[in-house]
Amino acid sequence: MAEADQKEKEEEKEKTTVTVTLDGQDIEAEPGELVIAAAERHGTYIPRFCYHPRMREVGMCRMCIVEIDSGRGPALQPACMAPVADGMKVDTESARTKKAQDGVLEFLLINHPLDCPVCDKGGECPLQDQTLAFGPGESRFVEEKRHFEKPIPISDLVYLDRERCVLCDRCTRFADEVAGDPLISFIDRGNHTQVNTFPDDPFASYFSGNTVQICPVGALLARPYRFRARPWDLDQVESTCTACSVGCRIAVQSSSNRLVRKLGVDVDPVNWGWLCDKGRFDFEAVGSDDRLGAPLVRAPGAEDLAEASWSQALAAAAEGITRARIRRGPESIAVLGGARGTNEDAYAWSKLARTLLGTDSVDAQMGDGLPAEAVVGLPRATIDAACAADTILLLGPDVKEELPVLYLRLREAVVERGATLVELSPVETGMTRYAEASLRYRPGEVTELVRALVDESAAVGDSERPGGLAPASAVREAAALLRRGSLVCLLGRPSLAEPAQPVVDAAGVLLDALPETTFLPVLRRGNVAGALDMGLAPGLLPGRIGLDQGRPWLAREWEALPGGRGLDAQGIITAAAEGRVGCLVLVGADPLADFPDRELARRALAGAGFVLAVDCFLTDSSRRADVVLPAAAFGEKSGTTTNIEGRVSRLHQKVTAPGTARADWMIAAELAFHLGGDLGFDSVDTIWDEIERLAPSHQGLTRARLASPEGFDGIVAGTVHDAETHGGPPSMAQTDSPGIQGALAHTKVDTLASSAMGTADKPDPSSGLAMQPPDPSGGGGGGTGTVAGRPAVLRWTPGPSAGGPPPLDRYSLRLVTSRRLYDDGTFVHHSPSLAPLAPGARLGVNPADLAPLGVGTGARVQVTSGRGRVVLEAVADPGVPQGSVALAWNQPGPGAADLIDVTLAVTEVRLETLSVPAPTSGRGSDA
Amino acid sequence: MGRLTSENVELAREIIDRYPRSRSALIPLLHVAQEQDGWVSTEAMSHIAELLGLTPVEVLGTASFYGMFKREPVGRYVVSVCTNISCLLLGGEELLEHCEARLGVKAGATTPDGVFTLEDVECIAACTDAPCLQVNYRFFLNITHDEVDRLLDDLRAGRRDEEVPPHGTLTRVRPRVPAERWSGHGAEGLPVLPGQSR
């Protein structure tokens, strides 16, 4: 008997699926799966409002009520609350089910205003769709509906119309469970339940736009989209967000050739359907009136830039480049930028620089990232791997500010899955509250802290504080956490006020001690990982190979390669400031805003012989160029992008670029013609084929695979070698797409998928350029990856450490500066909804450091470094340790860039109070 | 007025320590605030949120569910006249009208001197003794118009202070839970999961 029991138990254990009868048909479901999800997987859509696969089920709306028989006779139950059980019978079409759903809808409509003709949701509204499909023909309710003030702003970006709300709890659950910002809640519960914020405490979440996307009615409306379009006028393509380098998959929608909306698309490995507000709303900049639509040329001796034709501008650019090359040699030419475009753009510029310009001085980062060799050469983790790790080590900037959707994923890993987070940072960050251990270190001393963390033999004395701040006991506790199991390190630049070297040294120390560690780079700029993969860094060639190592391989197709390793961004800018750069090319780069040392950048732009800028806008830097070529922006070009994991996913063109603006790769190709050469490609497709053929890390990553259902999630480069083995994960039609819900969802999603597939094979419509046929050797379709002689992908090995920590000056404070989500970056600046959200440059000071000055929060203080002087508002911030001050990077007006000297190991500043109120803007004494 | 006094913060911390999760102390702390000011102000709710590690709107979400947490200033005495079925049949509406005439304010309003707030309420579970009313949630049963007049006069004159403390006062004797019975989240408290507020 006992044996039989045992056997039965074992059988039970082995059983990985349960059988449920759904509308008379047997279906297999996973144990624990909810009826609503299992039914949907098998093609039966049960109507719902509150249920969302990425959030906890609550059974609020009762719309998904179906008849379920678990052995005790059929009973009405909400399908979103009932897990499947073996032998369960579910009837979604019985008369009782129909009556129940009909009744629920009649109830939900009692207070719903039915103002569909003026509601933005009309046409894509789950309430509308499901009423049509499952609801009553008419209401029996004749009384007065409840009334609220029509839309009230609950944040700078979101309006709330409480009359339309059906109280599904999606937005409030999202705010609490997913975003961790429970700033909206049900209040006045009872007859007058409403969603609202606390008085004067707006829903200021970086993720507020997601509530608009998941709202099943028109209660939550995004300000940038409100009254801009009707859903049936919208046209959409599948794409990838490039506001940061997480690579969220999106649907880009336009109306009348203007981008009007971005919606998150649910893919498992990346964004789960979520977007940050910056990514969601920065499309406004694409349609900005300030966009450059024609080339600009500064005539010799002229003060101002004047519009010119493309042929004039390209001729002027070619002349400037040629003059520099002939007079001062190709190594006097430098290319900065390229991290904001597509992989194809980056490849084209990488090839142009290496072959026709003849320089290796190229850098996609602006001295604000990590050394390229470390990024491409460290063992790389995926986001999934990071979230699944036993311990996640944060050694970089504030993830919530820089890569918000990665923050959502990490937060979920900690809160829902119990992952252990260890944070090393100079100041408190948005991740600190989720960290099991959060150790502070003094700027410049992170290597010492990591050494103490991993070095078991070096006994840290109880009185010691490695890294200057964290007590030995805390370090020991954190050290134990690092050795608990698998470890993924998120590596980035915690502060731009100090060089990257200490962080890279720290990574080396970590890798030496714990060789199984994998790394996820935390770099912000949209396609920075792709640009580095395409070789936009000194000493790197496309496909993550070193210059010398890849020379024989690439020389077969690339005409000539520069002799030696060139300069990185800091080297280029220093050389330009010293008058050693004959021609500086800015490919979407704005060193005056992005390079940590503004004074040096200013001298560089003045000192460079000839400056060519390729940009979407006239920035501070491109304004000083001799020739400015207008570039197509996000949504205006197709191609691929690469996220921090190395995941390649596709971008599609949705609107036409203003005027005659062109994609960066086209500009590179045109410039090549004017320089008397030929890059050998005439479309993004031919470029991609060349990348696949030549870049070792991208071998096997064919266009066909990227366009397949597998490519929908994006494919991680450097891990794929066999194009034949992919099995085919769910296509988009099967993915739950929270933005596009309702009974009609499937048709819409299909349209999206097919339109996306359709554009892949069409030639780029904006390519009106007369291109020569591709180089015969460069032709051919998808590569096979079998070409012999492909060099191996670079492996990073730690170099010699930069030495000990910088000596401490007890009279100074050390500056920490890192990015905020909203800053004075070009796209935020030109997005009217986002620009006002930049918090401004305010100096966070520990209260104990502020007290001796005799002032508190709000006081204006003069901040002086060896480099410059700015006047800022001080804020008492206990999250900033004593001895450090924190300042947000790249905020409007003077700020951190005016204080930093990139040659120094740390930025030390002194504070003085001002006896007289200082002007609110303008530089200090050295202006 | 507004934020909790330092004495009440002390009390709040003691109350918080009685629970394994600080959030459980939310309603008791709302009572502390209402006892302090006679009503619960937004400043008080913000302060409670700070003490509990919640956002203010989470406090509001709970506070606004309970009609007896007043989120607008009320008089020293809140007079709640029942107009539900039993009282209605036995003169509840007339009783309310009488109170309105006597106090010179409509139901829902506060007298200009800030002594009385008059409100009509649904059943207060004293149907056997209808018509009835409450003053600061103390029952006055089977009450006649004359008795109401006397009651209001007595309250205004401070003659019923023993019986009817000011609005917000819960009990005269504060419950004291011995420290060893606190679930405690000092050093030996329950583990707090990451992401979970205390």
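**Note on a predicted two-chain model**

1. In chain B, 63% of the contacts between residues at least 6 apart in sequence join residues at least 24 apart. Two residues are in contact if their C-beta atoms, placed from the backbone, lie within 7 Å. This is a predicted model, in which local features need pLDDT of at least 70 and side-chain atom pairs count only at pLDDT 80 or more, while totals for chains, interfaces and linings use all residues. Residues are numbered from 1 along each chain as its sequence is written, and chains are lettered from A and ligands numbered from 1 in the order in which they are written.

2. Chain B contains 7 helices and 4 strands, where helices (H or I, at least four residues) and strands (E, at least two) are DSSP runs numbered from the N terminus. Their order along the sequence is α-α-α-α-β-α-α-β-β-β-α. Of the 198 residues in chain B, 36% are buried. Buried means 20 or more other C-beta atoms within 10 Å of the residue's own, with C-beta atoms placed from the backbone.

3. The largest nonpolar core has 328 residues, and A:I392, A:L490, A:A507 and A:L532 touch the most other members. Helix α9 (residues 343-357) of chain A supplies the largest share of this core, 8 residues. A nonpolar core here is a set of buried Ala, Val, Leu, Ile, Met, Phe, Trp, Tyr and Cys residues joined through C-beta atoms within 7 Å.

4. Leaving aside residues up to four places away in sequence, A:I392 touches A:A386, A:L410, A:A413, A:A419, A:L421, A:V488 and A:L490. A second, separate core has 6 residues, including A:L701, A:L706, A:V716 and A:A717.

5. Helix α13 (residues 404-415) of chain A is mostly covered, with 10 of its 12 residues buried. Among the buried ones are A:L406, A:L410 and A:A413. The cover includes α5 (170-178), α11 (383-388), β18 (391-395), α12 (399-402) and β19 (420-425) of chain A.

6. Helix α14 (residues 446-454) and helix α16 (residues 501-513) of chain A pack at an angle of about 10 degrees, their axes 8 Å apart. Axes are lines fitted to C-alpha atoms, for helices over the stretch in contact, and angles run from 0 to 180 degrees between N-to-C directions. The two helices are therefore roughly parallel (an angle under 35 degrees). Residues making the contact include A:V450 and A:V454 of α14(A) and A:A506 and A:V509 of α16(A).

How values were computed. Parallel < 35°, antiparallel > 145°, perpendicular 65-115°, else oblique.
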